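Here is a brisk tour of one protein model.

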Amino acid sequence: MEIMEMIRQLYSVEELQGYTEDEIAFVKDCFGALPGTVEEFWRRAARTEAIHRVQDFWTEPEMFRKQERLRDSNYLILLIENQGCCRAGIRISDLLEEDPPVYVTFNERVWTLCAESVSEFLQAALAYEAIFEFPYQPEEFLFWFTEEELETVQSGLNKMPFELHGWCHADMSFYNSAPDHMVAVMDCGDLQVLYGAASEESYQKLMTVMEGLGEA
């Protein structure tokens, strides 16, 4: 799914908002370049209020103006975990690429691959973050799944063509059968699952597969 349409569906918004050319230019001047995929996301959608009412923090151009730590990093930071212990970003040496890989760190010394491209990272992170704000969710938010229950999910839903690796110590894959609901399967050694929907109709469709699965 195209990223802008994905935001409209998962976050129930009609109009997307982006940052100004001057705001984007400030960050571009700080680092010398920006990948085209980052520029497009910032220009077309990254200011949309709904995507900031989530679990973690998307970096904004103004943050680079105010926080010297962000400007001095060897990575262009895109997403910060809500307690600041996990960050995802692009290597400065990769900023001339159109759609470079994204890496994740817990200490800003060791970085590991999070997604093969910015495009994949944006889709996966937007899907993951949307689940926390869906108006339709199970009463118990987080579930433990067995391998057999995961097979039920895999046979009943469509696997999305994007993943997150290493975000909050988990490798994540995503599933749906409609554009406005999402299931995140997090492999942390055990299988943890989050899911929900933007509409009641879509939630009921999702529950034809998810009903009764997992241990809260």
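## Hairpin of β4 and β5

In this predicted model, the hairpin of β4 and β5 has 5 residues between its strands. Glu108 takes a positive phi there, near 60 degrees. The two strands run antiparallel and are joined by 4 bridges. β5 spans residues 111–115. Thr105 stands opposite Trp111 in β5.

Strand β4 (residues 102–105) also pairs on with β3 (residues 87–91). That pairing is antiparallel too, with 3 bridges. Ala88 stands opposite Val104 in β4. Both faces of β4 are covered. Val102 and Val104 are buried on one side, Tyr103 and Thr105 on the other.

## Salt bridges

The structure holds 13 salt bridges. Arg69 lies in helix α5 (residues 68–71) and Glu108 in the loop between β4 and β5, so the pair ties together parts 39 residues apart in sequence. Arg69 is exposed, at 52% relative accessible area. Glu108 is partly exposed, at 28%. Elsewhere, salt bridges with shared partners join Glu21, Lys28, Glu39 and Arg43 into one network.

Glu39 sits in helix α3 (residues 36–44) and Lys28 in helix α2 (residues 21–31), 11 residues apart. Glu39 is buried, with a relative accessible area of 12%. Lys28 is partly exposed, at 34%.

Glu5 pairs with Arg8, the closest N and O atoms being 3.7 Å apart. Both lie in helix α1 (residues 3–11), 3 residues apart, about one turn of the helix. Glu5 is partly exposed at 33% relative accessibility. Arg8 is partly exposed at 29%.

## Cysteines

How many disulfides does a search of the whole structure find? It finds 0. Cys86 is buried, with a relative accessible area of 0%. Cys168 is partly exposed, at 29%.

## Largest pocket

About 180 Å³ of space lies in the largest pocket. β8 (170–176) and β10 (191–197) are the elements that give two or more residues to its lining. The lining has 16 residues. Gln55, Tyr128, Phe132, Met186 and Leu194 lie nearest the pocket centre. By type, the lining divides into 11 nonpolar, 3 polar and 2 charged residues.

Definitions and conventions: Residues are numbered from 1 along each chain as its sequence is written. This is a predicted model: local features need pLDDT of at least 70, side-chain atom pairs count only at pLDDT 80 or more; totals for chains, interfaces and linings use all residues. Side-chain values use heavy atoms; hydrogens and water are left out. On a 1 Å grid over the protein atoms alone, a cavity is a set of points where a 1.4 Å probe fits but cannot get out, and a pocket is an open set with protein on both sides within 12 Å along at least five of seven lines; lining residues have an atom within 4 Å of a point. Grid points are joined across faces, edges and corners, and a volume is the space filled by probe spheres set on the points. Ala, Val, Leu, Ile, Met, Phe, Trp, Tyr, Cys and Pro count as nonpolar, Asp, Glu, Lys and Arg as charged, and the others, Gly among them, as polar. A disulfide is a pair of cysteine sulfur atoms within 2.5 Å. Buried means under 20% relative accessible area, exposed over 50%, partly exposed in between (1.4 Å probe, protein chains only). Two strands pair if DSSP finds at least two bridges between them. A salt bridge is a side-chain nitrogen of Lys or Arg within 4 Å of a carboxyl oxygen of Asp or Glu.
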